[in-house]
Amino acid sequence: MENIVLWKRKAEMALIASGLTYTIVHPGGLLPHAGPKPKPAPGGERALAVSVNDEFMTSRGADERMIPREDVATVLVQILTTPEARGRSFDVVSDPPGKGPPYDGDLAKLLSQLNGMNCSYDSPDLDKLLAS
C-alpha cells in the first residue's frame with residue numbers, strides 16, 4: 001500500500017498518454033462508511049460538486065469531502081453517455097444532506113462548473129519518487 005497514490009497517478013498518466021478515450025473520476029470519501037453499524041447515506045439526496053487537483057482538501061471540511069456510493073455510481077454510468085465527460089479528469093464530492101438542491105442528473109451541467117479544467121498531471125517525476 002506504500003505510495004499507492006503515486007502508483008494511481010502514474011496509471012492515470014499512462015491512460016491519458018495511451019490515446020484511448022478516458023474519464024478519470026476521483027470521488028471523495030465513500031459513504032456509508034464500513035463498520036458494524038454504518039449510518040445510511042442514500043444517493044440522489046445531495047448536491048454534488050466537482051473540482052480538480054484536490055482543491056476540496058483545503059476548501060471544504062471533512063464532512064463536505066464525502067459522497068454516497070450510489071451518487072458515484074450514478075456519475076460513472078452517466079459518463080458513458082455524456083460526450084462532455086470524455087478526456088476529463090476531476091474530483092467529485094457531495095454537500096451534506098439539505099445543503100443545496102439534490103443533483104439533478106445533468107452531468108454536462110455539473111462538469112461545466114470546471115470551465116474546461118482537468119486535474120493537472122504536471123507533477124514530479126513519479127518514477128524517481130517511486131524508486132526512492
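1. On a 1 Å grid over the protein atoms alone, a pocket is an open set of points where a 1.4 Å probe fits, with protein on both sides within 12 Å along at least five of seven lines, and its lining residues have an atom within 4 Å of a point. Grid points are joined across faces, edges and corners, and a volume is the space filled by probe spheres set on the points. By these rules the second largest pocket has a volume of about 190 Å³.

2. A word on the basis of this note: the model is predicted, so local features need pLDDT of at least 70 and side-chain atom pairs count only at pLDDT 80 or more, while totals for chains, interfaces and linings use all residues. Residues are numbered from 1 along each chain as its sequence is written, and side-chain values use heavy atoms, with hydrogens and water left out.

3. Which residues line the second largest pocket? They are Leu31, Pro32, His33, Pro38, Lys39, Pro40, Ala41, Arg46, Ala62, Asp63, Met66 and Pro97. This lining divides into eight nonpolar, one polar and three charged residues, where Ala, Val, Leu, Ile, Met, Phe, Trp, Tyr, Cys and Pro count as nonpolar, Asp, Glu, Lys and Arg as charged, and the others, Gly among them, as polar.

4. Helices (H or I, at least four residues) and strands (E, at least two) are DSSP runs, numbered from the N terminus. Helix α1 covers residues 4-17, and its 14 residues reach 20 Å from the first C-alpha to the last, close to the 20 Å expected at 1.5 Å a residue; the expected span is 1.5 Å times one less than the number of residues. After α1 comes Gly19, whose phi is positive, near 85°.

5. Strand β5 (residues 88-94) is mostly covered, seven of its seven residues being buried, and here buried means under 20% relative accessible area, exposed over 50%, and partly exposed in between, with a 1.4 Å probe and protein chains only. Arg88, Phe90, Val92 and Ser94 point one way from β5, whereas Ser89, Asp91 and Val93 point the other way.

6. Two strands pair if DSSP finds at least two bridges between them. Strand β1 (residues 23-27) runs parallel to β5 and is joined to it by five bridges, with Ile24 standing opposite Ser89. Strand β3 (residues 48-51) runs antiparallel to β5 and is joined to it by four bridges, and there Val50 has Val92 as its bridge partner.

7. A salt bridge is a side-chain nitrogen of Lys or Arg within 4 Å of a carboxyl oxygen of Asp or Glu, and by this rule the count comes to four. One of them joins Glu12 to Arg9, with the closest N and O atoms 3.5 Å apart; because these residues are three apart in helix α1, about one helical turn separates them. An α-helix has 3.6 residues a turn, so residues three or four places apart point the same way. Glu12 is buried, with a relative accessible area of 13%, while Arg9 is partly exposed at 22%.

8. Another salt bridge is formed by the side chains of Glu64 and Lys99, at 2.6 Å from N to O. Glu64 lies in the loop between α2 (56-59) and β4 (66-68), and Lys99 in the loop between β5 and α4 (107-112), so the pair ties together parts that are 35 residues apart in sequence. Glu64 is buried at 16% relative accessibility, and Lys99 is partly exposed at 42%.
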